[in-house]
Amino acid sequence: MTRHMVLSFKHQPNKFNMESQYDVVIIGAGIVGSAIAYHLASTAGEKKIALIDRSISTLRGSTEIAPGFVGQYNESGVLTNLAVESVKEYTRIPGGFEVVGGLEVATAREGVDRLRSRWESATKAGLAAELLCSDQAVSLAPELIKDDVQLALYFPGDGAADARRITSFYQGEARATGVQLIEADVIEVQQANGRVNGVITTAGSVQANTVVVATGIWAPQLCKLDFPIPVVPVAHPYMYGAPHEPKLRRAPWVRWPEHVVYARDHGTHYGLGSYDHRPIPEEAKLSAVGNWIPEFDETLNEALRLIPEQTSLAPQQKFNGIFSMTPDNMPLAGSVPSVDGLFVAAAVWVTHAAGVARFITQMLNGKPVDHSIKTVLDPARFRGQDASALTQKSLDGYNHIYKTQENGA
């Protein structure tokens, strides 16, 4: 008996002619899906590959709005390794990555102790990391940091990724090596007898032996499986300040972990975001930008208290960027054990996107993969758990976004 996983997409695509048979179909043309298409086309020989998204020319997912912070160190060793690999990848892409450094700032004793612990762990992991006094930190980012800093942790190798430029590069290279980019809505992922056999789109049916769901916040809509895919979309405020003259060198990105606030020098303007508000689940519609939530005005006002007054930073543009949460703050990436030929790559930050794409590509090519990565990112790791409890746990983790729970490694 044939079973279908129904996908809910409404947007009408452009019309085009396409082949009906592919070896691999990748759904989602953001940074993760495009990177998978690029790496797979570079390593999979004569395989026919299709990359499908409802809007490729203008991305509508998280890639389009990502602030681009890339901090390589994470309490999860798996995420640290994926981030290091991603940075190596991004630095080879023209204009893809700028090494500006990253600063984590502590303004209270508890924060100081945590930064010292993170410095020790980061150096053991082989990352360049320095503890700075207040004057040293302020000198690196005087427009963003007040002189009330008790201690700062500086990562000179961190920086900012241009997610849109990176994605465009991957798409261009993939197309040049034979990948077909299809702008259409996926209506169904088809499966029969325990394996996928293709997808139905608003532009026609596509047969495929392998399907990769790389759709970020829309993954739960696309994956109706025998275990939960707890990717929970959450509302998140970000703002841009007024334009300013670019500095000779951009300031490092800055995080205040105690306040779950972060800021970035975008070159011609400053940006600031905050997780310091009640978690608000957001329905994932046609875009990763939701309606503005009035209480976010106070959230940003509180965050702006951390910025020096002389910077005169105020919201020039603000938006609700829908953010993916999982119960352990870890991505879901790998094969689906109950459906042969189905793979998932969801809740992946730009920080880890290239590393995750390489990992998925290895699996698609039947190559050995790192067991710890496979275990920690296993999309079926929440099998048997209550979906509503997982959703609540995901929401509870929002205010502790910089902490992860790596299990099974």
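Is F296 buried or exposed? F296 is buried, at a relative accessible area of 0%; buried means under 20% relative accessible area, exposed over 50%, and partly exposed in between, with a 1.4 Å probe and protein chains only. The notes below take up this residue and other parts of the model.

1. Basis. This is a predicted model, in which local features need pLDDT of at least 70 and side-chain atom pairs count only at pLDDT 80 or more, while totals for chains, interfaces and linings use all residues. Residues are numbered from 1 along each chain as its sequence is written, and side-chain values use heavy atoms, with hydrogens and water left out.

2. The W292 and F296 pair. These two rings form an edge-to-face aromatic pair, 5.6 Å centre to centre with 70° between the planes. The rule pairs rings of Phe, Tyr and Trp (its six-membered ring) if their centres lie within 6.5 Å; planes under 30 degrees apart count as stacked, over 60 as edge-to-face and the rest as tilted.

3. Other aromatic contacts. The count by this rule is 16 aromatic pairs. Ring pairs also link F69, Y238, Y240, W253, Y262, Y275, F319, F323, W349, Y398 and Y402 into a cluster.

4. Charges over rings. W253, a member of that cluster, has the charged end of R255 over its ring, 4.4 Å from the centre. The charged end of R54 sits over the ring of W218, 5.4 Å from its centre. A charge sits over a ring if NZ of Lys or CZ of Arg is within 6 Å of the ring centre and within 35 degrees of the ring normal.

5. W218 and L272. L272 is placed in strand 18, residues 270-274, and is buried at 0% relative accessibility. Between L272 and W218 there are 54 residues in sequence and 25 Å in space, C-alpha to C-alpha. Helices (H or I, at least four residues) and strands (E, at least two) are DSSP runs, numbered from the N terminus.

6. The largest pocket. Its volume is about 400 Å³, and it is lined by 21 residues, of which A161, D162, R164, R264 and H266 lie nearest its centre. Two or more lining residues come from each of helix 2 (62-65), strand 5 (97-98), strand 9 (159-161), helix 6 (163-176) and strand 20 (317-321). Helix 2 supplies the largest share, three residues. By class the lining has nine nonpolar, six polar and six charged residues. Here Ala, Val, Leu, Ile, Met, Phe, Trp, Tyr, Cys and Pro count as nonpolar, Asp, Glu, Lys and Arg as charged, and the others, Gly among them, as polar.

7. How pockets are found. On a 1 Å grid over the protein atoms alone, a pocket is an open set of points where a 1.4 Å probe fits, with protein on both sides within 12 Å along at least five of seven lines; lining residues have an atom within 4 Å of a point. Grid points are joined across faces, edges and corners, and a volume is the space filled by probe spheres set on the points.

8. The second largest pocket. About 280 Å³ of space lies in it. The lining has 15 residues, of which E110, R114, P257, E258 and K403 lie nearest the centre. Strand 6 (102-106) and helix 4 (109-124) are the elements that give two or more residues, and helix 4 gives the most, four. The lining divides into eight nonpolar, three polar and four charged residues.

9. Salt bridges across the sequence. The count comes to 19 salt bridges, each a side-chain nitrogen of Lys or Arg within 4 Å of a carboxyl oxygen of Asp or Glu. R250 and E98 meet in one of them (3.4 Å, N to O). R250 lies in the loop between strand 15 (237-240) and strand 16 (253-256) and E98 in strand 5, so the pair ties together parts 152 residues apart in sequence. R250 is partly exposed at 26%, and E98 is partly exposed at 33%.

10. Further salt bridges. D162, one of the residues nearest the centre of the largest pocket, forms a salt bridge with R165, the closest N and O atoms being 3.9 Å apart. D162 is partly exposed at 28%, as is R165 at 44%. Salt bridges that share partners join E85, E89, R92 and R358 into one network.
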